[in-house]
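Okay, thanks for coming, everyone.

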Amino acid sequence: MTPIRRLCIALAALAILPAGGLRAQGIIIPDRCDDCRLPGRGAGLPVESITFETTVEGQVATTHVTQVFRNETRQVLEGTYFFPLPDDASISEFAIWDGDRRLAGEVRPREEARRIYEDIVRRVRDPGLLEYAGPNLFQARIFPIPARGTKKLELTYTQVLRAENGTVGYRYPLGTGRNAAPVERFAGRVTLRAGGGLRSIYSPTHEVDVRRTGDRATVSFEQDARRERRDFALFYALDRSDVAMSLFTYREPGKDGYFLLLLSPSDDQARREYPAKDVVFVVDVSGSMEETGKMEKARRALTYGVRGLNPADRFNIIAFSGETRLMESGLIAADEAGRRRGTEFVEGLRARGGTNINDALLEAMQQFPRTGDRPRLLVFMTDGLPTVGEQDVERIVRNVSQARRDGLRLFTFGVGYDVNTRLLDRVAAENGGTADYVAPEEDLEVKVSTFFDKVNHPVLTNLALDLGEVRTDLVYPRALPDLFKGTQLALVGRYRNERDLASVTIRLSGEASPRRTYTYPNVRFPLRDERHDWVPRLWATRRVGWLMEQIRSHGENRELVQEVTDLGTRFGIVTPYTSFLALEPGAQAVQPQDFGGRPRPRVQGAPLSSPCSLRPPCPRGRWRSWC
């Protein structure tokens, strides 16, 4: 089977995954199996066990997952392993087991890794290839999966956890759906390390055993197939000082340093008056919103958002389907009469028609005055793809960019799996906001209401960060976001200094009726610090993400592709141009000699588009935007 044909099979397997199955943390879909008695097309192999061990230092979680799959058939199988990752997570290790031998992967340019894999498979060895399949989704080609046997896989990834109102949450999605085979054993252990101390620790999903030792705690659980299949969720509260400022650095002698800075002002200012703001709520009322009670939940969430406005705020509401419908022709005061008008408008909303995202966003932009010093928030909620009017993603993004008002923050909510995440991610990121998504099994009203509770209370806007004499480089995010009640600022970057800086003073300032400054003295940026070796990879992941956005926006060029490839191979990151390859010790690939006796040139970057002549349909759900 040729490499192109094999890639077509991998893409086709991805296309048949339903929305629910994509959330399952790791499934293997066999390519072809005459002896398989699986539940249906695209169903995965049975899962014998899932175990994970997670270490959380501050708010950075490193999770090591071990999964064992069982082949109950009489034939050796080859399959595709799919693993969805949390947002902004990066894979640091991938390994497969051949009996009692562990074969660890290494990152290579994507085409080289695939060529080696295909060659080894033809010689019936035991490789595994882990590739980037789209935003937050990775796929691995696994061969062989022995008949009447098991196949064990390991994966390690790192992520920065979010803090909301002083509470940090960690989640391991077990997943649901027809692809999610029953798990016979599910167990996990989370080790928490917090220099400033831990307060409450609890899990709303599982019975856990919590053991504390000083400023550390270990949380563990185990369940079998008789228990209800549920995601594992854990929440813990930090001491106020720990939430206020955390710095993690890594630097080898003679090289650039890397840092992760987590900043959140204390809640002392939460009792003060919040600055008056302008808010425009935009809600999708197309026919699909009537499904599964989404419209009713959206009405309740919007009502909560309107009632939470401060009297000095101004707002408007736009409902859209094929056309837009405005509550008022312009912004109105959020006094008692204004809020009553808003709730009446929301209660009258009904779902019908198509989805004209372009016109709704442009109409919302026009509600804001061109000048002014108030915080400006646009909250956009949709459950679908653009089906009416302008439907091209690039043109919609460009139109929104041209219509943007200074100081605007655009927050998008995608409801369900039939959303264009690429569109929502980009219009949010390019307009100073964030994108969030609500899965069908999540409570839309609760999640959106929590969001409204946050954005209704801006703590600091138009931020400025002063790192003193520290020389920084390539810091992400590139533009500082506003800070809202209970949130924090996470910055990752490189630093250079010729001497050890042991008493740096960091200052964070922003508009807060009036302007306010927070000072963090005696911060150290050392010449040598090798404790937090995950920080460089986290920086490289953010750098790759920024480069990939440039490629998606402006097209491929050699310099950008080469930098992504170099970062992937140097820091061990799976990207569209690099892959993890796990080989037996001593296994070598045969170099094809089909260019007049000369070795075939190595392709450094695989194209983003599929080489398949007949491209399969895009997968539904969170990962469809890569198509």
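This is a predicted model: local features need pLDDT of at least 70, side-chain atom pairs count only at pLDDT 80 or more; totals for chains, interfaces and linings use all residues.

Residues are numbered from 1 along each chain as its sequence is written, and side-chain values use heavy atoms, with hydrogens and water left out.

So, strand β24, residues 408-415. Helices and strands here are DSSP runs, H or I of at least four residues for helices and E of at least two for strands, numbered from the N terminus. Is β24 covered or open? Mostly covered: eight of its eight residues are buried, meaning under 20% relative accessible area with a 1.4 Å probe, protein chains only. In a regular strand, side chains alternate between the two faces of the sheet. Here Leu-408, Leu-410, Thr-412 and Gly-414 are buried on one side, and Arg-409, Phe-411, Phe-413 and Val-415 on the other.

Who sits beside it? β24 pairs in parallel with β23, residues 376-382, over seven bridges; pairing takes at least two DSSP bridges. Arg-376 stands opposite Leu-408. The chain gets from β23 to β24 through helix α8, residues 393-403, in a right-handed β-α-β crossover, that is, clockwise from first strand over helix to second, with the strands pointing away from the viewer. Four bridges join β24 to β25, residues 435-438, also parallel, and Thr-412 stands opposite Ala-435. That crossover, through α9 (residues 421-429), is right-handed too.

Now the aromatics. The whole structure has 19 aromatic pairs: Phe, Tyr or Trp rings (six-membered ring for Trp) with centres within 6.5 Å, stacked under 30 degrees, edge-to-face over 60, tilted otherwise. Phe-52 and Phe-232 have centres 5.8 Å apart and planes at 50°, so they're tilted. Phe-52 is in β2 and Phe-232 in β16, 180 residues apart. Phe-52 is buried at 2%, and Phe-232 at 1%.

Last, the second largest pocket, about 360 Å³. On a 1 Å grid over the protein atoms alone, a pocket is an open set of points where a 1.4 Å probe fits, with protein on both sides within 12 Å along at least five of seven lines; lining residues have an atom within 4 Å of a point. Volume is the space filled by probe spheres on those points, joined across faces, edges and corners. Of 21 lining residues, those closest to the centre are Glu-291, Thr-292, Lys-294, Val-415 and Gly-416.

Methods: Buried means under 20% relative accessible area, exposed over 50%, partly exposed in between (1.4 Å probe, protein chains only).
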